[in-house]
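Welcome! Have a look at the model below, and then let us walk through a strand, its neighbours and a helix.

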Amino acid sequence: MDLADTLSGGKRQDEQAVIICLQFPTGKLHDKKALNAVFDLDTILREMVNESDVGFYEGHEFYKGYGEECVTFFIYGEDASRIYQELKPVLQFLHRLQRFSVIKCYARCLNNQ
């Protein structure tokens, strides 16, 4: 698992995020079983975030590039570390995938001096 703590601006200045990116070989998501697993993960993440009240689940996006396909899930809230800890039990199951990453983004603090 590739974990990265990065400084990044969220959608709002006070917002932090956890971004989960799953990478697949091109064509893998044409497999109904794989695609259903992505939608199941979407449902699980949405329910975990809603029930834990750590932030809000914005959803997922598909991306098709040269030689790979990606699915990225976006979760926003006040505390990226808290979001990550809440999702950690599910994220531990992703180790079966060959390529995935979880990024914790922390909002920048701007000083208006």
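## Strand β4 and its partners

Strand β2 (residues 16-25) pairs with β4 in the antiparallel sense, over 10 bridges; strands and helices here are DSSP runs, E of at least two residues for strands and H or I of at least four for helices, numbered from the N terminus. Two strands count as paired if DSSP finds at least two bridges between them. Within this pairing, Cys 21 has Thr 72 of β4 as its bridge partner.

Strand β3 (residues 56-65) also runs antiparallel to β4, joined to it by nine bridges. His 60 is bridged to Phe 73 in β4. β3 and β4 make a hairpin with two residues between them, and Gly 67 in the turn has a positive phi of about 80°.

This is a predicted model, where local features need pLDDT of at least 70 and side-chain atom pairs pLDDT 80 or more, while totals for chains, interfaces and linings use all residues. Residues are numbered from 1 along each chain as its sequence is written, and side-chain values use heavy atoms, leaving out hydrogens and water.

## Burial of β4

Why is β4 (residues 68-77) largely enclosed by the rest of the structure? Of its 10 residues, 10 are buried, so the rest of the structure largely encloses it. Buried means under 20% relative accessible area, exposed over 50% and partly exposed in between, with a 1.4 Å probe and protein chains only. Glu 68, Cys 70, Thr 72, Phe 74 and Tyr 76 point one way from β4, whereas Glu 69, Val 71, Phe 73, Ile 75 and Gly 77 point the other way, and all are buried.

## Helix α2

In α2, the buried residues include Ala 80, Ile 83, Tyr 84, Leu 87, Val 90 and Leu 91. They cover an arc of only 95° around the axis, which puts them on the same side of α2; the arc is that of the directions from the helix axis to the C-beta atoms.
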